[in-house]
Amino acid sequence: MTSDELRNAYLNFFAGKGHDIIPSASLIPHGDPTLLFTSAGMVQFKDYYLGRAVPPNPRLASCQKCFRMTDIESVGDASHLTFFEMLGNFSIGDYFKKESIAWAWEFVTERLKLPPERLWATIYLDDDESFQYWKDIGVPEGRILRFGEEDNFWGPAGNTGPCGPCSELHYDFGEEVGCGKPDCKPNCQCGRFSEIWNLVFTQYDQDESGKRTPLPKPNIDTGMGLERTVAAVTGKTSVYETELFAPLLESVSKLSGKKYGADKKTDEAMRVVAEHGRGVTFLIADGVIPSNEGRGYVLRRLLRRAALFGRRLGLDKPFLTDIAREAVGLMGHVYPEIEQRQDFILKLIGVEEARFEETLSTGLELLDGILAGLTGKKKNEITGEQAFKLYDTYGFPVEITREIARERGMTVDEAGFEKKMEKQREKARAAQKRDVVIQPAPAALTLSAAAPKVIISRQYETTPFIGYHDLKHRSVIIDILVDGSTADSVKKGQSASIILETTPFYGEMGGQVGDAGQIRGASGQFTVTDTIRIPPDIIAHQGKVADGALAVGEEVEAEVDQARRLDIARNHTATHLLQNALRSVLGEHVQQRGSLVAPDQFRFDFSHLNAMLKEEVESVQRLVNEKIRQDLPVYDEELPYKQAIAEGVIALFDEKYGDTVRVLRIGQPPVSSELCGGTHVRSTGEIGFFHIIAESSIGAGLRRIEAVTGRGAENFVQKRLADLQGAAESLGIELDKERKKVLALEKELARMRVDSLLGQVEEINGVKVLVARVPSSRMEILREMADFIRDKLKSVVLVLGTLTEGKPVFLAAVTPDLVARGYDAGKIIKEVAKVTGGGGGGKPNLAQAGGRNKEKLDEALRLVKTLI
């Protein structure tokens with residue numbers, strides 16, 4: 001049986017038992033800050049178990065992508081994994097122990113055909129109920145073992161909350177495998193037994209004192225490891241021998257020239273490279289970007305651990321992209337997101353691996369030197385300062401340093417390392433000069449504590465939203481919240497949150513801000529300044545009573561601020577066009593990583609490694625505006641989630657979706673199809689105009705675009721034009737001043753030059769003649785010089801020549817007494833200019849001309865004496 005066959009067999013089996021099959025959620029848990037990664041199948045159903053949401057069916061089943069960082073340093077042995085698939089069936093207050101045990105046995109023995117004699121069950125110490133159920137279906141008492149809390153009890157998160165015993169199914173590979181001891185049983189770590197299925201019976205609520213009270217409706221949460229079960233079904237003692245890993249190990253073998261199975265240390269390194277290569281592929285596909293904290297740090301650690309073990313295989317050049325490519329080919333048909341994002345996955349791995357390769361050799365040499373020094377001094381601990389230097393300078397995560405040290409029988413002063421890290425953080429905070437925008441916690445958080453009281457006392461769970469098409473609606477006030485507590489009425493001047501039976505107001509969600517507007521009753525008016533959501537999905541209208549009073553049970557008219565809503569809608573539809581344009585210009589790797597859609601502008605965060613070029617920004621802007629001018633229809637439809645994803649509809653990387661989803665499409669055929677619950681324009685033409693005002697980095701591999709549309713774009717452009725006009729006017733005034741200064745200086749310089757020119761005056765036939773070439777100057781200055789010379793000499797024929805912008809320019813002047821004798825400045829200048837291929841003219845007393853050939857300027861001036 002292959003992994004594909006097992007996956008399908010499991011889901012079909014439980015579909016036949018009345019379960020809804022739910023798609024795998026992202027590895028990044030949505031809306032759960034307590035978890036870095038999705039580590040079990042039940043994570044996406046947590047709200048159902050806690051009563052915060054109602055499941056579509058109390059019986060659910062899934063094949064969930066999971067990632068657990070607790071086993072990172074164990075990866076390399078024959079069984080541990082960081083990334084794995086978990087098959088699970090879940091009961092939310094429906095069936096319990098009897099059914100889950102019976103179905104588990106039926107599936108493994110009848111569908112998987114595992115020999116019953118190789119199956120063992122473990123139960124919690126005092127769980128006699130489970131013991132009897134296992135015994136009733138035919139498991140011998142000798143193969144039903146009792147264990148304590150460490151092995152067979154699932155405690156609550158944070159020491160309080162739902163918890164319960166569990167029962168595990170173990171597969172026995174036989175006496176020939178493992179330690180060989182006669183008392184070897186499940187939970188022995190020798191490798192003979194493999195836990196393939198864990199059935200968790202959530203039946204108690206534990207309080208702070210540790211007291212456990214039975215839950216009114218117990219639940220079932222099971223997890224079957226797909227990789228381990230494939231190994232059991234195919235008779236492989238290691239998950240790495242299955243078809244899930246064989247192609248990856250073959251790829252490592254080809255790259256390194258090493259044979260798998262020939263050497264224990266080599267096998268360990270090959271398994272690390274194969275497993276981590278697969279793991280990083282899925283992490284990046286689900287939106288994790290390498291960084292120095294949180295999920296990004298785990299990804300970076302995984303990448304660098306793989307690079308380190310690759311070095312041990314002799315791989316001294318980047319190789320992880322080859323492993324990732326193999327992983328995509330192997331599992332892309334099951335998880336299409338890794339195929340869709342393959343280019344980005346490979347590029348990001350390549351960049352990160354190359355960055356570490358630059359310092360890996362030097363870092364390893366330094367670490368070897370540190371370890372050798374410790375051995376020589378008979379010490380066994382790397383100091384915090386040494387570990388910090390390896391991390392800060394050479395990119396070695398402290399966990400890798402610890403792992404290498406442990407192989408040599410040494411330790412790391414991790415407390416000292418953490419002190420150094422904290423000092424670095426303090427320096428970074430002190431040095432940070434730029435403004436940081438702190439996003440306030442959502443207002444819903446301030447009300448969430450009151451939400452359970454509201455639900456219990458008023459008997460409601462969700463607020464129907466009817467505002468996609470109607471912005472004015474008659475409704476009834478069903479609750480009022482004042483300072484987090486319920487109230488029966490509210491009067492003028494009081495701030496409150498009003499809950500309506502139904503509402504046209506959109507509550508803040510998915511990056512779109514909440515609506516504003518008015519709620520009017522017979523005796524009062526309430527101004528809504530914001531609309532938020534309280535879990536599970538209650539829409540609360542926040543604001544203040546403007547006049548009179550309002551009370552619970554009163555019929556009111558709720559009216560959304562239409563102009564503001566349309567501004568928001570323009571921006572929201574523009575984000576969809578923007579994502580489409582970004583994917584067209586930059587590549588299919590672009591994923592939305594966040595957004596804020598407000599009335600005046602919006603921001604859009606997305607995955608991309610490099611700053612956008614000016615040409616790329618312009619191309620994106622042009623593409624969006626083209627779609628706006630085409631006035632494409634914008635419409636929505638509801639589809640089953642699976643169908644929408646199969647059709648290629650874009651979903652947010654960390655969003656959690658129900659079985660039925662709203663698909664927002666633009667154009668026919670669609671140019672954009674996304675899962676979206678927000679409000680939008682009816683056609684793209686309503687957006688008016690789109691303009692990008694900023695593109696920037698918000699972290700490694702993450703970019704942000706800020707943009708405006710509609711009225712916001714109009715205001716932005718008007719302000720920009722006003723700014724430019726003001727700047728132009730200021731510059732014009734300044735330029736005038738500077739020109740006057742330059743002109744004054746040039747005139748002063750001209751006067752000084754006149755004195756030197758007077759010595760060049762010649763007399764021809766009793767007429768004073770001055771012909772001169774002067775430095776490049778404007779015609780205005782030539783006239784100024786001519787005036788000075790005529791004033792000085794009283795009687796003269798003057799011809800000046802110069803170059804202006806590379807072309808010859810001439811000026812001729814004749815004093816009145818010589819004009820009377822027949823000398824004509826116009827005739828003289830015409831002949832002079834002709835020599836340079838130009839022409840000109842003027843009056844007998846003053847004329848000017850221009851030429852083309854600057855090389856003949858001096859020849860033209862020599863002609864003057866002949867003409868005189």
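Start by selecting Cys-179: with a relative accessible area of 35%, Cys-179 is partly exposed. Here buried means under 20% relative accessible area, exposed over 50%, and partly exposed in between, using a 1.4 Å probe and protein chains only. A word on the model: it is predicted, so local features need pLDDT of at least 70 and side-chain atom pairs count only at pLDDT 80 or more, while totals for chains, interfaces and linings use all residues. Residues are numbered from 1 along each chain as its sequence is written, and side-chain values use heavy atoms, leaving out hydrogens and water.

Stay with Cys-179 and show its neighbours. Which residues does Cys-179 touch, not counting residues up to four places away in sequence? They are Cys-184, Cys-188 and Cys-190, where contact means heavy atoms within 4.5 Å.

Cys-179 belongs to the loop between E7 and E8. Helices (H or I, at least four residues) and strands (E, at least two) are DSSP runs, numbered from the N terminus.

Next, select strand E7, residues 161–172. Because 11 of its 12 residues are buried, E7 is largely enclosed by the rest of the structure. Bring in its partners one by one; two strands pair if DSSP finds at least two bridges between them.

- Strand E8 (residues 193–206) pairs with E7 in the antiparallel sense over 10 bridges; look for Cys-166 opposite Val-200 in E8.
- Strand E4 (residues 119–124) is also antiparallel to E7, over four bridges, and Thr-122 has Glu-168 of E7 as its bridge partner.
- Strand E6 (residues 153–154) runs antiparallel to E7 and is joined to it by two bridges, with Trp-154 bridging to Gly-164 in E7.

Time for some rings. The structure holds 27 aromatic pairs. Select Trp-105 and Trp-134: they form an edge-to-face pair, 6.4 Å centre to centre with 75° between the planes. Trp-105 lies in helix H3 (residues 97–111) and Trp-134 in helix H4 (residues 128–136), so the pair ties together parts that are 29 residues apart in sequence. Both Trp-105 and Trp-134 are buried. Rings of Phe, Tyr and Trp (its six-membered ring) pair if their centres lie within 6.5 Å; planes under 30 degrees apart count as stacked, over 60 as edge-to-face and the rest as tilted.

Two arginines are worth a click. Arg-312 has its charged end over the ring of Phe-309, 4.5 Å from the centre, and Arg-271 lies over the face of Tyr-240, at 5.8 Å from the ring centre. The test for this is NZ of Lys or CZ of Arg within 6 Å of the ring centre and within 35 degrees of the ring normal.

Last stop: an open sheet of three strands in the order E22-E23-E24, with antiparallel pairing. Its edge strands are E22 (634–640) and E24 (672–675), each pairing on one side only. E22 and E23 (residues 660–666) share seven bridges, and Leu-639 stands opposite Val-661 in E23. Finish by showing helix H18 (residues 562–585), which packs on the sheet, touching E22, E23 and E24, in a direction about 75° from that of E23. Axes are lines fitted to C-alpha atoms, for helices over the stretch in contact, and angles run from 0 to 180 degrees between N-to-C directions.
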